[in-house]
Amino acid sequence: MSLNSPIFLKRSEENNSKFVETKQSQTTSIASEDPLQNLCLASQEVLQKAQQSGRSKCLKCGGSRMFYCYTCYVPVENVPIEQIPLVKLPLKIDIIKHPNETDGKSTAIHAKLLAPEFVNIYTYPCIPEYEEKDHEVALVFPGPQSISIKDISFHLQKRIQNNVRGKNDDPDKPSFKRKRTEEQQFCDLNDSKCKGTPLKKIIFIDSTWNQTNKIFTDERLQGLLQVELKTRKTCFWRHQKGKPDTFLSTIEAIYYFLVDYHTDILKEKYRGQYDNLLFFYSFMYQLIKNAKCSGDKETAKLTH
């Protein structure tokens, strides 16, 4: 069963519009104590039934899994693919996963399952070459050189202009001609014609925070624009010991980035367009929360 099948690609543009319309007034819940409670989600009945029936077979590899196969990136047999929402994203996403990150515990798979046309997952040291596209790619990672999401367009536009200047820096060309060529090929950063974003792809690192340095310092990622997310609290049930609750899971980071990108860069009101990226995550969160309250250890185990 392929994620690129006509059934998969056809499903839920119409469904997603329904889900978006149903709770438009409730999409400001991001800042609340429980940011998952008022999401505009597709019906999770299919997950409830799957949880009750237990593990099922992956139709690709035959492995026994709960909800989806984290190796093949497909729902399992008792989770019909047409009942899983399909999320349309405004840009491409590359996820670079640490080789020691346990596949079954990674939330990065959620993004690939729910937005397969827009998301690619690579296992380190397998990393695409970004050097020639550093004017349209950014890396989400905190640090002293990191910028806020609202400043992405400005900094990428500066890179485009610097690239143009470099190409036009021909010592054999008369200086007045070089100046005229530059004026023709790029505009002032404050010019309304240059508004918008040249960002086409965003990169996330999927690993524990203690393992991120190995990937982040890879020379293939050096020189990329770094973006830092606004501070939010994680809901992740696998909290990393000794780390603050502002250290997000990968799917949370992707979700929050897209929400801020939508409002700060696209300048559009957010109406839950990306909430279904948390389709699996929010269900597992509630499942584990309920299991902890009831002392049901067996239910909690099913999500591992």
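In the predicted model, 49% of the 304 residues in the protein are buried. The secondary structure consists of 10 helices and nine strands. Among contacts in the protein with a separation of 6 or more, 75% join residues 24 or more positions apart.

In soluble globular proteins, nonpolar side chains tend to be buried together. The largest nonpolar core here has 62 residues, and those touching the most other members are L89, I93, I152, F257 and L277. With nine residues, helix α8 (residues 250-264) gives the most to this core. Residues of the core come from both domain 1 (40-84) and domain 2 (87-161 + 197-297), so the core lies between the two domains. Leaving aside residues up to four places away in sequence, I93 touches F118, V119, N120, I202, F204, I254 and L258. Another core, of 13 residues, lies apart from the largest one; Y124, V137, L139 and I215 are among its members.

Helix α3 (residues 45-53) has buried residues at V46, L47, A50 and Q51. These residues are on the same side of α3, because they cover an arc of only 135 degrees around the axis. An α-helix has 3.6 residues a turn, so residues three or four places apart point the same way. Exposed residues K49, Q52 and S53 are carried on the face of α3 turned away from its buried side. Just after α3, G54 adopts a positive phi of about 90 degrees.

Technical notes:
Residues numbered from 1 in each chain as written. Predicted model: local features only at pLDDT ≥ 70, side-chain atom pairs only at ≥ 80, totals over all residues. Heavy atoms only, no water. Core = buried A, V, L, I, M, F, W, Y, C linked by side-chain atoms within 4.5 Å. Buried < 20%, exposed > 50% of the residue type's maximum accessible area, 1.4 Å probe, protein only. Helix = DSSP H or I, 4+ residues; strand = E, 2+ residues; numbered from the N terminus. Domains from an automatic or database assignment. Contact = heavy atoms within 4.5 Å. Arc of directions from axis to C-beta.
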